[in-house]
Amino acid sequence: MASHSTLFISPRNFSSTFSSFFYYSPQFFTLQTKKPSSLSLTNTTIKPRRLLVSASHSLQALIFDCDGVILESEHLHRQAYNDAFAHFNVRCPPSSQPLNWDPDFYDVLQNLIGGGKPKMRWYFKENGWPSSTISETPPESDEERAKLIDTLQDWKTERYKEIIKSGTVEPRPGVLRLMDEAKAAGKMLAVCSAATKSSVVLCLENLIGMERFKGLDCFLAGDDVKEKKPDPSIYLTAAERLGVSEKDCLVVEDSVIGLQAATKAGMSCVITFTSSTADQDFKDSIAIYPDLSNVRLSELELLLQKVVAAK
């Protein structure tokens with residue numbers, strides 16, 4: 001005979017005239033509702049699914065951004081963009097030289113706009129659409145402009161993969177240990193990145209290893225949602241797929257764009273800043289770290305509990 005455990009729950013949105021019990025077993029669980037004015041009981045048997053029930057909110061899922069959090073990668077992305085601009089001889093008027101984003105400008109750009117295609121579209125809209133070997137004259141139609149952006153992004157992505165495969169890139173301090181701590185403690189683990197899926201997959205396979213990558217409970221990239229960060233879509237989608245409340249998630253980000261996406265999703269967020277994001281306003285985060293080398297899971301659990309209790 002299967003054993004059952006009984007848990008009494010009194011959710012805030014349940015009427016005080018009702019009492020409810022969940023009977024749970026690996027095969028099924030039954031919701032039994034009793035109204036005091038009636039002697040009858042109604043039972044509903046529900047198909048198996050992940051059931052996370054807690055009397056108060058606690059850390060159930062730890063969600064990492066990729067670029068800037070798992071690896072310090074913005075200078076690698078900038079190199080790949082510039083290589084793409086040179087390869088296709090991308091020239092914005094009135095310059096006769098290939099476009100080149102310098103470090104200071106790219107620091108501003110990457111913290112202003114998330115995602116590669118939106119970055120280029122914004123830049124060309126502000127500075128004029130370029131000529132290139134893709135299009136001898138600046139593209140005028142939406143279709144021509146989309147073709148230019150897509151071609152540049154595809155080539156840039158492949159170049160970025162080559163850089164990652166070179167073996168010269170390492171994960172940021174403390175990332176792997178914290179992931180392992182979370183898994184060992186039974187927490188769910190996710191990665192949510194605005195970057196192209198193929199490039200994120202390559203980064204994760206090479207930097208966190210195949211075992212950790214396959215062990216992720218959720219993995220989302222920019223291709224999986226319609227809107228990029230700071231839109232909260234990617235984090236809302238992650239919470240839905242994980243089957244947890246947004247309040248039970250803790251996000252690790254490195255930039256104000258990522259922080260805004262997390263907080264708009266109703267999630268708490270800690271910051272592990274990089275040299276290019278150190279001066280940003282992170283007032284809405286619950287903690288700020290230079291890296292994760294001295295950050296323990298127990299510390300993050302306590303932080304989240306205090307935040308939820310304060311609210």
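Which residues does Val191 touch, not counting residues up to four places away in sequence? Val191 touches Phe64, Cys66, Ile70, Met179, Leu204, Leu216, Cys218, Phe219 and Leu220, where contact means heavy atoms within 4.5 Å. The model is predicted, so local features need pLDDT of at least 70 and side-chain atom pairs count only at pLDDT 80 or more, while totals for chains, interfaces and linings use all residues. Residues are numbered from 1 along each chain as its sequence is written, and side-chain values use heavy atoms, with hydrogens and water left out.

**Nonpolar cores**

- In soluble globular proteins, nonpolar side chains tend to be buried together.
- The largest nonpolar core has 41 residues, of which Leu62, Phe64, Val191, Leu204 and Phe219 touch the most other members.
- Helix H6 (residues 197–207) gives the most to this core, with 6 residues.
- A second, separate core of 25 residues includes Ala61, Met188, Val225 and Val244.
- A nonpolar core is a set of buried Ala, Val, Leu, Ile, Met, Phe, Trp, Tyr and Cys residues joined through side-chain atoms within 4.5 Å; buried means under 20% relative accessible area, exposed over 50%, and partly exposed in between (1.4 Å probe, protein chains only).

- Helices (H or I, at least four residues) and strands (E, at least two) are DSSP runs, numbered from the N terminus.
- The buried residues of H6 are Ser199, Val200, Val201, Leu202, Cys203, Leu204 and Leu207.
- These residues pack against H4, helix H5 (175–184), strand S6 (188–192), helix H7 (210–214) and S7.
- After H6 comes Gly209, with a positive phi near 90 degrees.
- In H9, the buried residues are Val256, Ile257, Gly258, Leu259, Ala261 and Ala262, and their cover includes H2, H8, strand S8 (249–253) and strand S9 (268–272).
- After H9 comes Gly266, with a positive phi near 85 degrees.

- Lys229 lies in the loop between strand S7 (218–220) and helix H8 (233–242).
- Lys229 counts as buried because its relative accessible area is 8%.
- The side chain of Lys229 makes polar contacts with the side chains of Tyr235 (3.3 Å) and Glu253 (2.7 Å).
- A polar contact is a pair of N or O atoms within 3.5 Å; within protein, one must be able to donate a hydrogen and the other to accept it, and residues adjacent in sequence count only if both atoms are side-chain atoms.
- Not counting residues up to four places away in sequence, Lys229 also touches residues including Asp65, Gly114, Cys192 and Ala261.

**Backbone features**

- Most residues other than glycine have a negative phi, and most peptide bonds are trans.
- A cis peptide bond joins Lys229 and Pro230, with omega about 20 degrees.
- Another cis peptide bond joins Pro93 and Pro94, with omega about 5 degrees; Pro94 lies in the loop between H1 and H2.
- Asn89, in the loop between H1 and H2, is not a glycine, yet has a positive phi of about 50 degrees.
- Asn89 counts as partly exposed because its relative accessible area is 29%.
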